[in-house]
Amino acid sequence: MSDRIGSNERPPNTLLTLFLRALLLSCLTIFASGGRFLALPPYPPLAAAAAEEEPQFTAHSEAGVIRGIADLEGKRLGVLAGTMLDNAINDALDFTQIIYYDDSKREIAALFAGEIDAIIDDDPVVRYYAAQDHRLRRVEGHIQDDDYAFATRYEDQELHDKINRELERMIEEGVVMDLERRWLDSSDDATRVIPELPEPVDGPVLRLGVSSVSAPFCYVNSAGQLVGLDIELMERLSRRIGMRLVITDMEFSRLIPSLLDGDTDIIGSCFSVTEERRKMIAFTTSYYVGGVAALTLAEGVTPARTAEKNGS
């Protein structure tokens, strides 16, 4: 499926008009050619004419309330640029308009302004923002189920194997599950802190690339600190394999290029495993199973644009 806009169905009056125009043109052409029939292309092509029509989208009104995943069809959906979220939308939904944003704050502002009907993101991110603001609501269900992992370059096999072995040990020991409870399952910000850890060893550097748009996996807290499940997980893992972690925060769309260009050694930030990405980068063992979900306004919350039109 693709991000088609609007409906492919045409009003009966429009079809009748096109038919009459085509018939008239054919008659005039036959008359001008001395009665000889000339083969003419259809006028105009229906697909081209349909594309010229103004797209129509359902406003966030009572009639268009989003209660489940199926209700997202025909809606304006916001996604972060550089993610694979648009692929998930196109595979599952028809007649949607996808609008791209550089960060989550702009997405949420657009949702409140009525510029989009919902935000599509990884489920833990959606749950986090819904828990932070009562005006937001998670739509029930998943558009797609996903595994999450870190990734390295294929040529760095030794580093990849070292990270994978330690990550699997941390999963077996319950370390990762404890991180999930503190960062994902709790709504208390007091638990979402990275505890004091042993000082980094004086060993080789492990350059981690992240994007702080994926709370609670990776984000900047109110104190201006880069925190999250992925950050604490890699802080702990790097110490266990005797490496000094150096973190670079960047736009999500730069993560894979930074890895392939050799600017980072490993990348993360709520990074979902996809076959398209697997062609370019080597994923570690998956440490979390989630999915793609939707965030919309809570029932009774009116977008600013709609409120202005109604004079409220």
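Two strands are taken as paired where DSSP finds at least two bridges between them. On this basis the predicted model contains an open sheet of 5 strands, ordered β2-β1-β3-β13-β4 and with mixed pairing. The edge positions are held by β2 (97–101) and β4 (136–148); each has a single partner strand, so one side of each is left without a neighbour in the sheet. On average, neighbouring strands are turned by 25 degrees against each other, direction ignored. Strand β1 (residues 76–80) runs parallel to β2 and is joined to it by 5 bridges, with Val79 opposite Tyr100 of β2. Helix α4 (residues 104–113) packs on the sheet, where it touches β1, β2, β3 (118–122), β4 and β13 (288–297). The direction of α4 makes about 150 degrees with that of β3.

The count of aromatic pairs is 8. One of them, Phe217 with Tyr288, is edge-to-face, at 5.7 Å centre to centre and 65 degrees between the planes. Phe217 belongs to the loop between β7 (213–214) and β8 (218–220) and Tyr288 to strand β13, so the pair ties together parts 71 residues apart in sequence. Both residues are buried. For Phe252 and Phe271, the ring centres are 5.8 Å apart and the planes at 40 degrees, so this pair is tilted. Phe252 lies in the loop between β10 (244–249) and α9 (255–260), and Phe271, 19 residues away, in the loop between β11 (266–267) and α10 (275–278). Phe252 and Phe271 are likewise buried. Arg277 lies over the face of Phe271, at 4.3 Å from the ring centre.

Elsewhere, Arg135 lies over the face of Phe112, at 4.1 Å from the ring centre. Tyr128, Tyr129 and Tyr219 form one aromatic cluster.

Notes: Residues are numbered from 1 along each chain as its sequence is written. This is a predicted model: local features need pLDDT of at least 70, side-chain atom pairs count only at pLDDT 80 or more; totals for chains, interfaces and linings use all residues. Side-chain values use heavy atoms; hydrogens and water are left out. Helices (H or I, at least four residues) and strands (E, at least two) are DSSP runs, numbered from the N terminus. Axes are lines fitted to C-alpha atoms, for helices over the stretch in contact, and angles run from 0 to 180 degrees between N-to-C directions. Contact means heavy atoms within 4.5 Å. Rings of Phe, Tyr and Trp (its six-membered ring) pair if their centres lie within 6.5 Å; planes under 30 degrees apart count as stacked, over 60 as edge-to-face and the rest as tilted. Buried means under 20% relative accessible area, exposed over 50%, partly exposed in between (1.4 Å probe, protein chains only). A charge sits over a ring if NZ of Lys or CZ of Arg is within 6 Å of the ring centre and within 35 degrees of the ring normal.
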